[in-house]
Amino acid sequence: IATEGVLTVGGNATITATTGNIQTAGTLDVTGITDLHGDLDIGGYATITALTGNIKTDGILTVGGNATITGSTGNLEIKGALTSEGNINIGGYATITAASGNIATDGVLTVGGNATITGSTGNVDFGGTTFSAGNLGIGGYATITAATGNIATDGVLTVGGNATITGSTGAIAIGGTTVFDQTSTTTLATTTALTVTKTVERVMGGVGGSHLTSDPQIIAGTDGQIVIIQAVSDTRPVDFVDGAGLNLSAAFEMSQDDTLTLMYDSAAVLWIEIARSNN
């Protein structure tokens, strides 16, 4: 059918010659390829722009197979929700797994607003460094304040390695009790040098007691390190002498429940006596 006027089909579909517009009250079913040189507007809710190939819709865009977005940048901008029954792969560097909801990325994951992570455990596992511009709250029981770096916790703070506290004052304020870990009992023979591994070192001498002749009597520590030596036997006392790595007010034969508190000075290469208790 060739016409320079308007083609009306059954009163339900109209093709206007001057504009090329097709208006139909029913369904337009095309089994082959449709080539349009102008924009395609569907009910005022969806538009395919001929000049760019962009698709804009106020409804749902459903892709039955794989969806690929290419262009000069390859960017995908979504202002609403993105739902996918399969995995989402971004440039080979980031993957969102459909079965678990896990996000794996070789780059940086940036959340402009609040970030919430939920799941069977609620755990957040970071293999590298974590940066937060705001406060970091953990379960309502621990908070790291961004402005100061302070850590406040209602539970236990455990440090697997060495812990270093620095700042303008370097002060440590403890509102509750202080608990020092203790060693099991170390038996010191007369020629044995004590190696400090914990703040409280529990010791006893050999059979009949030990008058230490080792030099040093205690292996060197870290500058400013504190140790409390606790004797645990009346029948096997330990006798520390002034000298040989120790700066004592006098020799000290230590028996059951006696304690000797020392501080290490790396410049002097000495354990210096702070206090003793002859119990």
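Guide: Let us begin with Phe252, which is found in strand 19, residues 252-254. Please keep in mind that this is a predicted model.

Visitor: Is Phe252 buried or exposed?

Guide: One compares its relative accessible area with a cut-off; buried means under 20%. Phe252 has a relative accessible area of 5%, so it is buried.

Visitor: Which residues is Phe252 in contact with, leaving aside its neighbours within four places in sequence?

Guide: Phe252 is in contact with Val238, Asp239 and Phe240, with Asp258, Thr259 and Leu260, and with Arg276, Ser277 and Asn278. Phe252 and His211 are 41 residues apart along the chain, and their C-alpha atoms are separated by 9.9 Å.

Visitor: How many helices and strands does the secondary structure of the chain come to?

Guide: The chain has zero helices and 21 strands. Of its 279 residues, 15% count as buried. Among contacts between residues at least 6 apart in sequence, 38% join residues at least 24 apart.

Visitor: How many residues does the largest nonpolar core have, and which have the most contacts inside it?

Guide: The largest nonpolar core has 19 residues, and those with the most contacts inside it are Ile218, Ile229, Phe240, Leu260, Leu262 and Trp271. Strand 16, strand 17, strand 19 and strand 20 (259-265) are the elements that each give two or more residues to this core. As for Ile218, its contacts beyond four places in sequence are Leu194, Val196, Ile229, Phe240, Leu246, Leu262 and Trp271.

Visitor: Where does Ser233 lie?

Guide: Ser233 lies in the loop between strand 16 (226-231) and strand 17 (238-240). Its relative accessibility is 8%, so Ser233 counts as buried. A polar atom of the side chain of Ser233 lies 3.3 Å from the backbone nitrogen of Thr235. For the backbone nitrogen of Arg236, the distance to a polar atom of the Ser233 side chain is 2.9 Å. Not counting residues up to four places away in sequence, Ser233 touches Met204, Ser255 and Gln256.

Visitor: Is Asn279 buried or exposed?

Guide: Asn279 counts as exposed because its relative accessibility is 58%, and exposed means over 50%. Asn279 is found in the segment after strand 21 (270-277). Its side chain reaches the backbone oxygen of Asp257 at 2.7 Å. Beyond four places in sequence, Asn279 is in contact with Gln256, Asp257 and Asp258.

Visitor: How many salt bridges does a search of the whole structure find?

Guide: Side chains of opposite charge can pair when their charged atoms come close. The search finds two salt bridges. In one, the side chains of Lys198 and Asp181 meet, at 3.1 Å from N to O. This pair links distant parts of the chain, 17 residues apart: Lys198 is in the loop between strand 13 (186-188) and strand 14 (200-205), and Asp181 is in the loop between strand 12 (151-153) and strand 13. Lys198 counts as partly exposed, at 32% relative accessibility.

Visitor: Which residue forms a salt bridge with Glu273?

Guide: Glu273 forms a salt bridge with Arg276, and their closest N and O atoms are 2.8 Å apart. Glu273 counts as buried at 18% relative accessibility, whereas Arg276 is partly exposed at 30%.

Visitor: Which residues make the nonpolar surface patch?

Guide: Leu136, Ile138, Ile144, Ile151, Leu157 and Val159 make a patch of about 530 Å². Leu136 lies in strand 10, residues 136-138, and counts as partly exposed at 35% relative accessibility.

Definitions and conventions:
Residues are numbered from 1 along each chain as its sequence is written. This is a predicted model: local features need pLDDT of at least 70, side-chain atom pairs count only at pLDDT 80 or more; totals for chains, interfaces and linings use all residues. Side-chain values use heavy atoms; hydrogens and water are left out. Helices (H or I, at least four residues) and strands (E, at least two) are DSSP runs, numbered from the N terminus. Buried means under 20% relative accessible area, exposed over 50%, partly exposed in between (1.4 Å probe, protein chains only). A polar contact is a pair of N or O atoms within 3.5 Å; within protein, one must be able to donate a hydrogen and the other to accept it, and residues adjacent in sequence count only if both atoms are side-chain atoms. Contact means heavy atoms within 4.5 Å. A nonpolar core is a set of buried Ala, Val, Leu, Ile, Met, Phe, Trp, Tyr and Cys residues joined through side-chain atoms within 4.5 Å. A salt bridge is a side-chain nitrogen of Lys or Arg within 4 Å of a carboxyl oxygen of Asp or Glu. Patches are made of residues with over 30% relative accessible area and no salt bridge: like charges are joined within 9 Å, nonpolar side chains (Val, Leu, Ile, Met, Phe, Trp, Tyr) within 5 Å. Accessible areas come from the Shrake-Rupley method with a 1.4 Å probe; for residues, only the protein chains shown count as cover.
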